[in-house]
Amino acid sequence: MNDLSDLRITRRGVLKVGAVSATALAVPSVTTAQVSSSQPVQAPVISKLSFEVNGTLHSLDVDTRTTLLDALREHLHLTGTKKGCDHGQCGACTVIVDGQRINSCLSLAVMNEGAKISTIEGLGSKNALHPMQAAFIKHDGFQCGYCTPGQICSAVAVLDEIKQGIPSHVTADLTAQPQVTAEEIRERMSGNICRCGAYSNIVDAITDVAGRTA
Amino acid sequence: MKVFTFERAQTAESALAASKKSGAKFIAGGTNLLDLMKLEIETPGHLIDINGLGLDKIEALPDGGLRIGALVRNTALAADERVRRDYGVLSRALLAGASSQLRNKATTAGNLLQRTRCPYFYDTNQPCNKRQPGSGCSAIEGFSRQHAVIGASNACIATHPSDMAVAMRVLDAQVETLRADASTRTIPIADLHRLPGDTPHVEHILEPGELITAVTLPKPVAGTHIYRKVRDRASYAFALISVAAIIQPNGGGRVALGGVAHKPWRVEAAEAQLTSGADAFTKLLLANANPTHDNAFKLPLVQRTLAAVLADARKG
C-alpha cells in the first residue's frame, strides 16, 4: 500500500510540474491574443537608436519594447544570433557587447545606445573562419547547430574572461590566476544549453583554441 | 510586452523626478525585469534607464569597509581584488548564481530587488497572492520542492532567489538609498526584505521612487569564508538551500541561509550555539520551521550542509 501511494504522489507531482511548464510556455501567445482581441491597442512608442554592430554603425527607429536580439534579427537581418527560449535561460542569443557576453534577449535595444556589438557574423567569414569556429568544426562541437552561434560567442568570451583573471564557481583559489581546465570551461559555459548534447566536443574545441590538450 | 515610454536618466535628480510618472520603474541590468515584462507580470508604463548615473564604482571606506555602487555588475563585484581577498563569501556567492552572461548584466541593487522564481508566480493562469493579491497561493497545495520552510505564511511560501544577498546578510551589509524627496537613508540588509505575511506582494521596505545607490560592507571579518550552495544541477540553477558562513578557528562564527525563506535567513541570537555543532545550531536556526510535504527534505539538508561547511572550515 505504501508503495502504491508513494507512486501516486510522485506521478501527481510530475503532472503538476508538467502543467506548470506547459502553461508557462503558452503564456506569451495567450497574452498577445488577449491584447489584440479584447483590449484597445496602445500605439507603440518608437525611439531612435544608434549602435555599432560588427564594426558598422547602424541608426534605427525601434519600438521601445524591441530586444537587442530582435533588433539584430528583424531590423538588421543578422539572423546568425538565435532565439531559443527568449527568457535568458538557454544562451542561444549570446552576443558580445562592449567586450562582455550577454543574453541579447534580456536587453532592450534602446538600452544599447552607442554600444559596440559583436555577433557571430562579425567573428569570421566563410573564407576566414575565427579560430573558435574552425575548432568547433574540427571537433564536431555541434549536431543541429542552432545553439552554436551562442556557444561560439560565449566560448570566445570565456577565454578572454580567464585571461582577465575573472574567477568562476570552480576556481579553487579566489586570489590566484584561473587556469584553462576542462572543469573551468564546463562551469563557464553553463549558460549555453545544447539540446543535442555536444558538450564534450565543445569543451575539446575550446581547449584546443586555448592551446592546450584536454 | 505592454507599451511603455522610455528615458535615459543622466542624474539621480532627473531619475527621481521621472519616477513620479505613472507606472514608472527604474531599469538597470534588466535581466529579471524584462523577463517579467515579456510575461506581463511586470507592466511598467515608463522605464527609466539608470545606467548613466555613474553608480558603478567600488570604493574603499575610511573605516576599512567597502562601498559598492548600485550599478556594479555581479561579475565586476565577484572579480574585484578586494572582494576576493577580504570578502570571499560574497565573491563565492555571486559566482554560484546565474550564468556569466547574466552576471555581466545583473547589478548589485537589481540582484537585491529581483523577484521570486516560484513557478506559480510566473504562471499567469494560476492564482498567486504575490502577482495578484487576494487570488490565493497555488504553491502551498502544489509543487513546492523549491519553496520556503520558515518565515512563510498562509498567503505565500515563495523564497528569495538571490545568492549575493545571503552573503551580504552574513557580512552585515547596509543599503544606501535616495528617496523621492531627495533625502537619503541607510537600511541594514536584515531589514530590507520583508517576510510575506498577509501582503506577499510587498517584498521590501523601499518607498515608491526610492533608489538604491550603494551597498556598504563593514571592515572585513576574519575567519574562513564559505558559500555552499546545494542545487539540482551543478551550475546555473537556483538554490535548494545555501549556507553563507564565516567560521572562526574555535568553530564559532556567523551563518545565513538561502533558499529557505522569503529573505536571507539568519538568527544572530542562535550563533553562540554554533560551537555546539551543526545539529544543535540548526535546531535553533530553523526553530518553528513549517515545511511542506515536498520540501521537508530541506531541514536535514541544511543540517548536513552546515556540518560539511564546519568540517571544511576546520580543514582551513
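Start at the second largest pocket, whose lining residues divide into 10 nonpolar, eight polar and eight charged, where Ala, Val, Leu, Ile, Met, Phe, Trp, Tyr, Cys and Pro count as nonpolar, Asp, Glu, Lys and Arg as charged, and the others, Gly among them, as polar. The model is a predicted one, in which local features need pLDDT of at least 70 and side-chain atom pairs count only at pLDDT 80 or more, while totals for chains, interfaces and linings use all residues. Residues are numbered from 1 along each chain as its sequence is written, chains are lettered from A and ligands numbered from 1 in the order in which they are written, and side-chain values use heavy atoms, with hydrogens and water left out.

To find this pocket, select A:D98, A:M111, B:N51, B:R73 and B:K105, which lie nearest its centre among the 26 lining residues. A pocket here is an open set of points on a 1 Å grid over the protein atoms alone, where a 1.4 Å probe fits and protein lies on both sides within 12 Å along at least five of seven lines; lining residues have an atom within 4 Å of a point. Its volume is about 550 Å³, taken as the space filled by probe spheres set on the points, with grid points joined across faces, edges and corners. Next, colour β4 (100-103) of chain A and α6 (100-105) of chain B, each of which supplies at least two residues of the lining; helices (H or I, at least four residues) and strands (E, at least two) are DSSP runs, numbered from the N terminus.

Now select B:A79, which lies in helix α3 (residues 74-79) of chain B. At 17% relative accessibility B:A79 counts as buried, a term that means under 20% relative accessible area with a 1.4 Å probe and protein chains only. Leaving aside residues up to four places away in sequence, B:A79 touches A:I166, A:P167 and B:R84, contact meaning heavy atoms within 4.5 Å.

Move on to B:F121 and B:Y122, whose ring centres are 6.0 Å apart with planes at 80°, so that the pair is edge-to-face. Rings of Phe, Tyr and Trp (its six-membered ring) pair if their centres lie within 6.5 Å, and planes under 30 degrees apart count as stacked, over 60 as edge-to-face and the rest as tilted. B:F121 is buried at 1% relative accessibility, and B:Y122 is buried at 13%.

Finally, show the whole of chain B, which has 12 helices and 11 strands and a C-alpha trace spanning about 55 × 50 × 35 Å along its principal axes. Of its 316 residues, 58% count as buried.

Technical notes: Buried < 20%, exposed > 50% of the residue type's maximum accessible area, 1.4 Å probe, protein only.
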